[in-house]
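Me: I have a structure to look at and would like to go through it step by step. Can you put it up?

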Amino acid sequence: MRAVVLVGGFGTRLRPLTLATPKQMLPIVDRPMIERVIGSLAAHGVSEAVLSLGYRPDAFVDAYPTGRCAGVDLHYAVEPEPLDTAGAVRFAARSAGIDETFVVVNGDVLTDLDVSILWKLHHERGAEGTIALTPVDDPSRYGVVDTDDDGRVRAFIEKPPPGTAPTNWINAGTYVLEPSVVDRIDDGRKVSIERETFPAMVDDARLYAVGSEAYWVDAGTPSTYLQVQLDLIDGVRGDPEVGLHPSAQVADGADVTHSVVMAGASVEAGAVVRDAVVMPGARVAAGARVTASLVGPGATVGAGAIVDELSVLGDDVVVEPAAELHAVHMP
Ligand code: GDD
Ligand code: MG
């Protein structure tokens, strides 16, 4: 199986962390998000991935100079300008010479979904496209997918107004597509697969869906980027991962609970870090308190400062001693 992995977005909801680093290169506990996404595709039979790049492509190329990532061969497709999700699929598929059934995934989704099951059902049904679905509490943030009893998609509604969705099953961002889908997408302009291509395929009765209750989180917001990491250390997806990197320094008398402290980060005496992520090289100074927040790479939380309520500190930000940040994104 070959997969197009969409990783070209600006990651605006994760700013300021994505000002310097594209979303899928942000670390999830101990390795970049993209390695987890590709690793789980590999576990289910994907052997080659086309990275659909736009924003900061250099970050990916520099990280995987040999063109291998999580045991998978990479092909880089760099868009000259953002083409949106379908435009990106067309550009990547053409650039890699894809002319058989292929997989597409949104590169910010962490999931235990088995794409080979989707692949099998896609072929059994003779579908032109097959979408994985997952149930969520608030479907208005996603693409809502209504199906009939045979799994045929009756309606695809991207981000419907709250309270109007016909179902809470949403597009999980994993598709199996025939190459004919690529022919449907106009060349050289922005096209959204969710707002244009899928609705057209619904009209032609060629789009199917398969629901799954497997672990699934779109890590593209501060709260979900935090949640996926706490889920891993909690063992929600298998053996618990270790949140404290071997090169992190936690002083005697510091209280680090239910948190991830990444490489080279330090937490000084009397500081409290709870339900939080402290990114590489960041420093939480003596007596500071960081709760349910993201401390960016190289950032400093000054002595006695308070950072809580899903605050997000960007790269190298300095929070003054004794300052209080509640739900603040800085800068
Ligand atoms: N190459 C490229 N070019 N990639 C892009 C572009 C582009 O112009 N725009 C977005 N992407 C990439 C993003 O980097 C991300 O990996 C993926 O496409 C999806 O974009 P998001 O911005 O994360 O979309 P979303 O989370 O709001 O909604 C999408 O995902 C949901 C599931 O997580 C939609 O597909 C929804 O229907 C879906 O429910
Ligand atoms: Mg997303």
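Reply: To start with a definition: a residue is near a molecule if one of its heavy atoms lies within 4 Å of it. Note also that this is a predicted model.

Me: OK. Which residues come nearest to ligand 1?

Reply: Leu6, Glu79, Glu158, Glu194 and Asp218 come nearest, out of 27 residues around ligand 1.

Me: How far is a polar side-chain atom of Ser52 from a nitrogen atom of ligand 1?

Reply: That distance is 2.8 Å for Ser52. On the oxygen side of ligand 1, a polar side-chain atom of Arg13 lies 3.1 Å from an oxygen atom, and an N or O atom in the side chain of Gln24 is 3.0 Å from an oxygen atom of the ligand.

Me: And how much of ligand 1 does the protein bury?

Reply: The protein buries 91% of the 750 Å² that ligand 1 exposes when taken alone.

Me: Where does ligand 1 sit?

Reply: Ligand 1 sits in the largest pocket. Helix H3 (84-96), strand E12 (169-177) and strand E14 (216-218) are the elements that give two or more residues to the shell around the ligand.

Me: Which element gives the largest share of the shell?

Reply: H3 does, with three residues.

Me: Staying with H3, what is the phi of Asp84?

Reply: Asp84, which lies in helix H3, has a phi near 65°, a positive value in a residue other than glycine. Most residues other than glycine have a negative phi.

Me: What about His258, what is its phi?

Reply: His258 has a positive phi of about 50° and is not a glycine. His258 is in the loop between strand E16 (255-257) and strand E17 (260-261). His258 counts as partly exposed because its relative accessibility is 32%.

Me: New topic, peptide bonds. Which kind of bond joins Arg15 and Pro16, cis or trans?

Reply: A cis peptide bond, with omega about 10°. Pro16 lies in the loop between strand E1 (2-6) and strand E2 (27-28). Most peptide bonds are trans.

Me: And from Met330 to Pro331, cis or trans?

Reply: The bond from Met330 to Pro331 is cis, with omega near -5°. Pro331 is in the segment after strand E29 (329-330).

Technical notes
Residues are numbered from 1 along each chain as its sequence is written. Chains are lettered from A and ligands numbered from 1 in the order in which they are written. This is a predicted model: local features need pLDDT of at least 70, side-chain atom pairs count only at pLDDT 80 or more; totals for chains, interfaces and linings use all residues. Side-chain values use heavy atoms; hydrogens and water are left out. A polar contact is a pair of N or O atoms within 3.5 Å; within protein, one must be able to donate a hydrogen and the other to accept it, and residues adjacent in sequence count only if both atoms are side-chain atoms. Accessible areas come from the Shrake-Rupley method with a 1.4 Å probe; for residues, only the protein chains shown count as cover. On a 1 Å grid over the protein atoms alone, a cavity is a set of points where a 1.4 Å probe fits but cannot get out, and a pocket is an open set with protein on both sides within 12 Å along at least five of seven lines; lining residues have an atom within 4 Å of a point. A molecule sits in a cavity or pocket if more than half of its atoms lie within 2 Å of its grid points. Helices (H or I, at least four residues) and strands (E, at least two) are DSSP runs, numbered from the N terminus. Buried means under 20% relative accessible area, exposed over 50%, partly exposed in between (1.4 Å probe, protein chains only).
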